[in-house]
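The following note sets out points for a colleague who is about to examine this model. It is arranged as numbered paragraphs, to be read beside the structure.

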Amino acid sequence: ELRDIFINFFERRDHKFIPSSKVYTPEDPSLLFVNAGMNQFKPVLLGEQKKKSLFTNVRRAVNSQKCIRAGGKHNDLNDVGHDLTHHTFFEMLGSWSFGDYFKEDACKMAWLLLTEVLNLSPDRLYVTYFNGCPLNNLKPDYDTREIWKSIGVNHNRILPFGSTDNFWEMGETGPCGPCTEIHYDRIGNRHVPEQVNKSLSDVVEIWNIVFMQFNKVSISQLEPLNVCHVDSGMGLERITAVMQQKQSNYDTDLFVPILSAIEEISKVGPYKGRVGEEDTNGIDAAYRMISDHIRMLTVAISDGIYPGPKGRELILRKVLRRAVLAGIEKLQTPRPFLYTLLPTVVESLGCAFPEVELKQDEVMEVIKESEMAFYRTLDRGDLIVRKTIKNLAGNEFPPEVAHKLRLQNGYPLNRMLLFLSQEKLNFNMMAVDSFKKQSSEKNLNKKSFSFLDNEEDRSSLIHSFLKQK
Ligand code: ATP
Ligand code: MG
Ligand code: MG
Ligand code: MG
């Protein structure tokens, strides 16, 4: 319903509905996954679109874009499950002006939709504007501050922020510009500007309106665009939580059915929605992680990405394995379990994205196969760990075995550590790292980072590579 309200609101204001693109754009190597609604419009924003492009003559657009933030510049993977607002896959409700209206109309329309169509109280809303960056010679965006005042937003609810929050960039290069954001206070009857942009679940960012004015051509070089554009994005899951008066995205229509399906197959539960220290054994985080990851896997696989050994495929494999481990280690799920959640996910996403429904059987098969392969990896690894422990002379686990397990078999080190702590054995992580370094160097010669199983490994490796150069 919210998706339709958003799209209809902008369609009535002459915005053309453009369907969501796939979650990856093979033609743009600067991106692992589509991380925002504007990605498919990048050539339009940069004035590079071909004459016969789908978007010729489109001056205003609207849609709900499938986004994934699990790699590259926008990577929320490590927050997912641990907080209540970040997902690997989410829908971004987007509206655009390509060289048409600019700041004033964009702010007016957003305010109208939130306060008069969705009836949110202005006392619950905060807006932000860019306060400049002398380093890059970027001036504060006082125009936007004045526009919000003229719309009637209370001046102490208009807050300045720096580049991290209020200068939006698609990636290391590409279109960018200052932005203004709208945040919602879930508690109300108070004034808490200090809680805005603090990643607290009580005050949540819902909508970002970017004024595309530059093309970032290198880390330190911004080129002004000939024409200015508006690019806005609101998280569907977050605005749904706001409208359903929930503290957590996971308590909305979008996630409750999936969490219930997980409860049915888990021996541990039910889901209680606890976070942080209250969630002592990480049970609720595991529920959240699985419900998030299965949505991501469903959407990505139905768009044609399969779990595999490198690039975005590796990220899919990693996400699948995280979900499987959360299930078997925290919730005592049966083997296999992940693929059985597909029909529930399809029920929720199929109406907006028919491809998800069309590909349901194929996606189930891919997930089941990958799950089974991972169980084989785990069983093989468990056996090697147990055997090594049994034949151990001292009380230190041999680093070369740990290294081999991880490198060749993709066996999770954390799982091995669990065995070792049960047996009160020592383990020298530095020694494993030195093996890792050696093989990294060997692999660098082959220009491949693909065997590495996590982002940290990758960035430290790339760092050392650059240092060497
Ligand atoms: P945050 O500061 O909460 O990480 P962001 O500033 O990175 O969000 P934007 O890049 O401005 O997010 O994206 C526009 C909107 O998309 C956000 O206002 C939010 O509603 C939504 N959004 C962003 N990241 C996520 C995510 N990982 N999961 C769900 N919704 C998201
Ligand atoms: Mg973010
Ligand atoms: Mg933000
Ligand atoms: Mg933002």
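**Note on the predicted model**

1. Residues 24 or more positions apart make up 70% of the chain's contacts with a separation of 6 or more; two residues are in contact if their C-beta atoms, placed from the backbone, lie within 7 Å. The model is predicted, so local features need pLDDT of at least 70 and side-chain atom pairs count only at pLDDT 80 or more, while totals for chains, interfaces and linings use all residues. Residues are numbered from 1 along each chain as its sequence is written, and chains are lettered from A and ligands numbered from 1 in the order in which they are written.

2. The chain contains 16 helices and 11 strands (DSSP runs numbered from the N terminus: H or I of at least four residues for helices, E of at least two for strands). Its radius of gyration is 24 Å, close to the 23 Å that the globule rule gives for 469 residues, so the chain is as compact as a globular protein of that length. The radius is taken over C-alpha atoms, and the rule is 2.2 Å times the number of residues to the power 0.38. Of the 469 residues, 41% count as buried, that is, with 20 or more other C-beta atoms within 10 Å of their own; 12 or fewer make a residue exposed, and values in between partly exposed.

3. The domain assignment, which is automatic or taken from a database, gives domain 1 (2–243), domain 2 (255–391) and domain 3 (393–469). The centres of domain 1 and domain 2, taken over C-alpha atoms, are 30 Å apart. Contacts between these two domains involve 20 residues of domain 1 and 18 residues of domain 2. On the domain 1 side, strand β2 (residues 60–68) gives the most, with 3 residues.

4. Which residues have the most contacts inside the largest nonpolar core? They are Ile 68, Ala 110, Leu 297, Ala 300 and Ala 323, in a core of 110 residues. A nonpolar core is a set of buried Ala, Val, Leu, Ile, Met, Phe, Trp, Tyr and Cys residues joined through C-beta atoms within 7 Å. Because domain 1 and domain 2 both give residues to this core, it lies between them. A second, separate core has 7 residues, among them Val 385 and Phe 397.

5. Around ligand 1 there are 15 residues, the closest being His 86, Phe 90, Asn 208, Gly 233 and Gly 235; a residue is near a molecule if its C-beta atom, placed from the backbone, lies within 6 Å of it. At least two residues of this shell come from each of β3 (89–97), β8 (203–218), β9 (221–235) and α6 (236–243). The largest share, 4 residues, is that of β8.

6. After α6 comes Gln 245, whose phi is positive, near 50°.

7. Pro 336 lies in the loop between α9 (311–331) and α10 (342–349). Is Pro 336 buried or partly exposed? Pro 336 is partly exposed, because 18 other C-beta atoms lie within 10 Å. Not counting residues up to four places away in sequence, Pro 336 touches Lys 368, Glu 371 and Met 372.
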